[in-house]
Amino acid sequence: MRDEIIRIMGFWEVVLDDNKEVLGRYNQEYFSEAKIGEIVKKLYEQQIKQGHDLSIRISKD
């Protein structure tokens, strides 16, 4: 059931260093792109300080 829901709904993914690791997935229905940017600044601040590149993309699933 959960897999079916994931396939139907779109998600934002926060990705570390050019598709190496997905750090988080956020439902597009509840989070705007601007809100995801705020989340990235707050939650993933340590990775940014360490020099990692983070990107936000639409889930491929």
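**Notebook: rings and sheet**

I looked up tyrosine 26 and found a relative accessibility of 14%, so tyrosine 26 counts as buried (buried is under 20% relative accessible area, exposed over 50%, partly exposed in between, with a 1.4 Å probe and protein chains only). I note that this is a predicted model, where local features need pLDDT of at least 70, side-chain atom pairs count only at pLDDT 80 or more, and totals for chains, interfaces and linings use all residues. Residues are numbered from 1 along each chain as its sequence is written, and side-chain values use heavy atoms, with hydrogens and water left out.

Next I searched the whole structure for aromatic pairs and got one. The ring centres of tyrosine 26 and phenylalanine 31 are 5.6 Å apart and the planes stand at 75°, so I logged the pair as edge-to-face (rings of Phe, Tyr and Trp, the last by its six-membered ring, pair with centres within 6.5 Å; planes under 30 degrees apart are stacked, over 60 edge-to-face, the rest tilted). Phenylalanine 31 has a relative accessible area of 27%, so I put it down as partly exposed.

I then checked the sheet. It is open, with three strands in the order 2-1-3 and antiparallel pairing (strands are DSSP runs of E, at least two residues, numbered from the N terminus; two strands pair if DSSP finds at least two bridges between them). Strand 2 (21–27) and strand 3 (54–58) are at the edges with a single partner strand each, so one side of each has no neighbour in the sheet. I counted five bridges between strand 1 (residues 11–16) and strand 3. Valine 14 has isoleucine 56 in strand 3 as its bridge partner.

Key:
Helix = DSSP H or I, 4+ residues; strand = E, 2+ residues; numbered from the N terminus.
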